[in-house]
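This briefing is intended for a reader who has the sequence and the model at hand.

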Amino acid sequence: GLEKFNLDDVHCRLDKDRVFILAAISEWYGSEESFVDYVKGPLHRELVAAATNRLPFHYALLTVLIPYSVSLDVLVALIGAGAPFEVIMSEFIGSGFGWVICWQLVSAKLLWVLCD
């Protein structure tokens with residue numbers, strides 16, 4: 001992570017690029033040490049504060065709307081076929097709500113966290 005940043009570990013393909021970059025760092029930050037302190041301190045804290053591993057709920061909800069629309073299609077077909085109320089409610093609760101909304105919503109949020 002940035003808290004262990006060391007300018008000596010940074011490499012350039014061409015030596016002249018490294019010389020140019022180190023000169024620019026010294027000019028902008030006063031010294032290479034000041035730059036390293038900035039990267040380890042304020043820059044690291046700023047980036048950590050800006051980073052989040054939480055998937056906003058409305059984004060997660062959008063990810064489950066497509067499979068939920070399939071579930072709604074099945075519900076409409078069951079209603080159109082004259083299925084008993086218990087069958088319709090079972091499909092709605094089990095598939096529409098349980099599988100699509102709950103499980104896939106949790107899965108989407110879990111995948112978001114695991115990808116961090």
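The points below are grouped by topic. The structure is a predicted model.

**Helix α4**

- The buried residues of α4 are Ile88, Glu91, Gly96, Val100, Ile101, Leu105 and Ala108.

**Nonpolar cores**

- In soluble globular proteins, nonpolar side chains tend to be buried together.
- The largest nonpolar core in this model comprises eight residues, namely Leu55, Ala60, Val64, Tyr68, Val100, Ile101, Leu105 and Ala108.
- Helix α4 provides the largest share of the core, with four residues.
- Leucine 105 belongs to the largest core and is one of the buried residues of α4.
- Leaving aside residues up to four places away in sequence, leucine 105 touches Phe57, Ala60, Leu61, Val64 and Val100.

- A nonpolar patch on the surface is formed by Phe57, Tyr59, Leu61, Leu62 and Leu65, which together have about 490 Å² of accessible area.
- Phenylalanine 57 is placed in helix α3; this residue is a member of the patch and is also touched by leucine 105.
- Leu61 likewise belongs to the patch and is in contact with leucine 105.
- Tyrosine 59, also in the patch, is located in helix α3.
- Tyrosine 59 counts as partly exposed because its relative accessibility is 46%, a value between the limits of 20% and 50%.
- Tyrosine 59 and leucine 105 lie 46 residues apart in sequence, and their C-alpha atoms are 9.9 Å apart in space.

**Further accessible positions**

- Valine 106 lies in helix α4 and has a relative accessible area of 49%, so it is classed as partly exposed.
- Between valine 106 and alanine 77 there are 27 Å from C-alpha to C-alpha, at a spacing of 29 residues along the chain.
- Cysteine 115 is found in the segment after α4.
- Cysteine 115 is classed as exposed because its relative accessible area of 67% is over the 50% limit.
- The C-alpha atoms of cysteine 115 and leucine 62 are separated by 18 Å, and the two residues are 53 residues apart along the chain.

Note on methods
Residues are numbered from 1 along each chain as its sequence is written. This is a predicted model: local features need pLDDT of at least 70, side-chain atom pairs count only at pLDDT 80 or more; totals for chains, interfaces and linings use all residues. Side-chain values use heavy atoms; hydrogens and water are left out. Buried means under 20% relative accessible area, exposed over 50%, partly exposed in between (1.4 Å probe, protein chains only). Helices (H or I, at least four residues) and strands (E, at least two) are DSSP runs, numbered from the N terminus. Patches are made of residues with over 30% relative accessible area and no salt bridge: like charges are joined within 9 Å, nonpolar side chains (Val, Leu, Ile, Met, Phe, Trp, Tyr) within 5 Å. Accessible areas come from the Shrake-Rupley method with a 1.4 Å probe; for residues, only the protein chains shown count as cover. A salt bridge is a side-chain nitrogen of Lys or Arg within 4 Å of a carboxyl oxygen of Asp or Glu. A nonpolar core is a set of buried Ala, Val, Leu, Ile, Met, Phe, Trp, Tyr and Cys residues joined through side-chain atoms within 4.5 Å. Contact means heavy atoms within 4.5 Å.
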